[in-house]
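Open the model in your viewer and keep the selection tool at hand. We will go from stop to stop, picking residues and looking at what surrounds them.

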Amino acid sequence: MKLKSGLMGTIAALVMGLGAAQAEGVKVGMITTLSGGGAGLGVDTRDGFLLALKQAGDAGSTVDLVIEDDQQKPDIAVQIADKMIQSDKVDMLTGIVWSNLAMAVVPSATAQGKFYLSTNAAPSQLAGAGCNARYFSVSYQNDNLHEAAGAYAKGAGIGKVFIMAPNYPAGQDSLAGFKRFYDGALAGEVYTQLGQTDYAAEIAQIRASGAEAVFFFLPGGMGIAFMKQYAASGVGIPLIGPAFSLSQDILPAVGDSALGIKNTSSWSPDLHNAANKAFVAGFQAEYGRLPSLYAAQAYDTANLLLSAMAKSDVADADAFRAALAAADFASVRGKFRFGPNQHPVQDIYVREVVKVDGVLTNAIVGTAMTDRADAYADQCKM
Amino acid sequence: MVLFIEQALNGLQYGMMLFLMAAGLTLVFGVMGLINLAHGSLYTVGAFACAWVAAATGSFFLGLVASLVAAAAAGALVEVVVIRRLYHRDHLDQVLATFALILVFSEGTRWLFGSFPLYLTLPPLLAGAVTLPGGVQYPLFRLAIIGIGAVVALGLFFLINRTRLGIRIRAGEADREMIAALGVDIERLYTIVFALGAALAGLAGALVGTIQSVQVGMGEPVLILAFVVIIIGGIGSIKGALIGALLVGMTDVLGKALLPGLFARVMAGSDAATVGSAVASMLIYILMALVLLVRPQGLYGQRG
């Protein structure tokens with residue numbers, strides 16, 4: 001059936017003349033994590049993307065979306081990407097949550113002439129020397145939220161910070177980003193295993209470190225496990241994190257022990273702009289829960305894609321790229337533009353975990369960085 | 001010093017958890033000569049049973065009981081339906097069949113409970129931390145795991161060495177045909193042993209699921225460690241499983257805690273953290289290789 005309609009489409013295109021800039025649909029392959037400890041992130045990515053397509057009406061229905069679960073495993077992600085490129089014939093890929101998976105998929109996809117729009121992972125390797133004309137990060141550069149946390153910790157006059165992240169590309173970017181803007185003393189620096197679920201050894205080190213605060217980057221199930229065990233351990237040292245560690249997918253499982261924790265984010269459900277209001281209300285109506293940062297980024301990615309599709313045809317790669325780079329869409333983050341390495345230039349806020357109508361969520365308490373690009377743009381030669 | 005004691009307790013707790021897992025595996029391997037890759041699935045069954053019953057009834061302790069019952073029942077069922085046909089086959093057939101069981105259990109739990117992890121809440125009685133003599137603060141629930149592990153170890157020693165069932169299990173390990181000829185119902189004995197091992201794995205799953213999370217596929221990483229434990233301890237020996245589990249638990253936790261600090265003396269801080277944690281995660285396999293070099297049959301293994 002699929003083959004038949006494809007054939008019909010081809011014949012129709014031939015009949016109508018090939019040269020015409022026919023505004024055809026775009027086939028998008030979404031590779032994301034839909035099972036295991038990281039499932040919450042992928043589900044929000046998928047749902048945010050689908051919501052934007054749904055709200056766009058007819059324009060949204062011209063996007064042909066294929067979704068597959070990468071199980072948070074790089075080898076599976078590579079297999080899915082190959083399948084999507086070779087047999088599904090997608091025009092672009094998106095949706096990868098984890099940087100180690102992105103590093104396994106993105107360079108080969110762009111080398112095969114496919115666009116990649118990142119809804120989340122944005123490792124430093126792809127922002128600097130490894131940047132690519134067909135690769136856009138719609139989320140951030142990995143270091144950004146951690147840089148903002150470093151700037152916040154410095155501004156708040158915190159003297160000794162214990163820093164901790166998983167040992168994978170985004171974890172290394174995280175601690176590098178934090179230290180770029182925090183010049184105080186470190187009480188300790190620890191790399192955990194990716195997907196680790198028991199943090200007893202790290203909590204013991206934190207207890208003994210004499211730190212004034214703990215900066216931790218542990219997205220998804222890792223963050224939930226850590227926060228629950230931290231609360232049970234009786235260690236009272238205040239926590240600081242990037243949005244990932246205190247995101248909407250984590251808070252319900254952690255409970256009230258998260259209240260008051262400061263975290264840095266490029267987006268928040270309470271940001272005042274029309275696009276964000278429509279997004280948050282639409283997401284709650286559609287899925288019955290509050291959206292996370294991952295959902296917001298995926299929603300922006302879909303809207304960016306739709307804005308580029310309205311201007312040009314994906315078959316004309318240069319025009320399509322220019323249309324993407326213009327970022328001519330209403331972002332839920334308010335102001336949004338791309339820097340020269342096709343990574344965002346945006347504000348990063350400090351949020352605090354609060355309880356609104358009995359539901360744990362985040363609210364903005366200040367701005368950590370204004371118009372922040374990233375540390376690698378200079379190394380990008382495109 | 002306080003830090004070291006806390007880390008040692010963490011190692012002990014981790015070791016006890018591994019022991020619960022390895023005890024059943026080593027019994028099944030030793031007594032029946034069966035390689036059961038699906039042991040991790042029974043651990044998952046226990047965790048899900050605990051999460052489900054705890055959520056439905058609001059009682060964590062009922063959940064723990066449910067984990068024992070559900071895992072034992074699943075174990076007995078699997079033994080009667082599948083495993084029983086495998087005793088006379090070679091190890092490759094056993095590996096294939098029990099690997100298939102992993103897939104069946106994984107998809108089954110995914111179908112029943114979905115792909116999202118479940119989270120258990122600690123009962124108020126066991127929540128929070130206590131201060132031990134010497135000023136060490138330690139989470140109460142982890143102390144409880146150490147206690148449960150110790151009680152199970154004592155119970156198993158008593159069962160194997162002092163009861164009629166234990167005599168039969170040891171006899172079955174030594175000579176299957178002879179004890180069948182003496183009138184012991186060997187099939188029922190095997191089902192009991194298998195269900196006992198499954199119940200212990202289920203208990204481990206429930207306890208670990210409470211600290212961490214309950215999700216599909218949680219059993220497989222632990223299964224690998226449990227095999228490391230029984231290879232170090234010697235196949236078929238409960239004592240070996242206990243010593244092996246404690247060795248592995250201590251090595252893993254103390255390695256992760258101490259190695260980055262040791263590497264920091266010879267290289268820069270962040271490199272030391274990366275290299276140290278990488279080496280620490282290899283440490284238990286290095287330990288296993290060393291034990292195999294010196295005693296190929298394991299520390300308390302009978303056969304060479």
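Begin where the two chains meet, keeping in mind that this is a predicted model. Select the contact between them: 29 residues come from chain B and 28 residues from chain A. Together the chains bury about 2,400 Å², and carbon and sulfur atoms account for 53% of that area. Now highlight Phe116(B), Tyr119(B) and Gln212(B), which supply 22% of what chain B buries against chain A, more than any other three residues.

Next, look for polar links across the boundary. There are ten residue pairs in polar contact between chain B and chain A, counting pairs with both residues at pLDDT 80 or more.

How many salt bridges run between chain B and chain A? The count is two. For a salt bridge between the chains, zoom in on Arg207(A) and Glu6(B), whose side chains meet at 2.8 Å, N to O.

Stay with the boundary and select Gln215(B), in the loop between H8 and helix H9 (219-233) of chain B. Is this residue buried or exposed? Gln215(B) has 13% relative accessibility, so it counts as buried. Beyond its neighbours within four places in sequence, Gln215(B) is in contact with Gly36(A) and Gly37(A) from chain A, and with Thr44(B), Phe48(B) and Pro117(B) from chain B.

Now for the rings. The structure holds 22 aromatic pairs over all chains. Pick Phe60(B) and Phe141(B): their ring centres are 5.8 Å apart with planes at 70°, so this pair is edge-to-face. Phe60(B) sits in helix H3 (residues 60-81) and Phe141(B) in helix H5 (residues 140-162) of chain B, so the pair links parts of the chain 81 residues apart. Both of these phenylalanines are buried. Then move to chain A and select Trp267(A), Phe279(A), Phe283(A), Tyr287(A) and Tyr299(A), which form one aromatic cluster.

The next stop is charge. Over all chains there are 25 salt bridges. In chain A, show Glu147(A) and Arg180(A), joined at 2.4 Å, N to O. Glu147(A) belongs to helix H7 (residues 144-155) and Arg180(A) to helix H8 (residues 169-181) of chain A, 33 residues apart. Glu147(A) is buried at 0% relative accessibility, whereas Arg180(A) is partly exposed at 34%.

Another chain A bridge joins Asp371(A) and Lys335(A) at 3.1 Å, N to O. Asp371(A) is in strand S13 (residues 359-372) and Lys335(A) in the loop between H14 and S11, so the bridge ties together parts 36 residues apart in sequence. Both ends are partly exposed, Asp371(A) at 39% and Lys335(A) at 43%.

Finish with backbone angles in chain A. Ala327(A), in the loop between helix H14 (317-325) and strand S11 (337-338), has a positive phi near 50° and is buried at 9% relative accessible area. Gln342(A), in the loop between S11 and strand S12 (344-356), has a positive phi of about 60° and is buried at 4%.

Definitions and conventions:
Residues numbered from 1 in each chain as written. Chains lettered and ligands numbered in written order. Heavy atoms only, no water. Contact = heavy atoms within 4.5 Å. Buried area = accessible area lost by both parts, 1.4 Å probe. Salt bridge = Lys/Arg side-chain N within 4 Å of Asp/Glu carboxyl O. Polar contact = N/O pair within 3.5 Å; in protein donor to acceptor, adjacent residues only side chain to side chain. Phe/Tyr/Trp six-rings, centres within 6.5 Å; stacked < 30°, edge-to-face > 60°. Helix = DSSP H or I, 4+ residues; strand = E, 2+ residues; numbered from the N terminus. Buried < 20%, exposed > 50% of the residue type's maximum accessible area, 1.4 Å probe, protein only.
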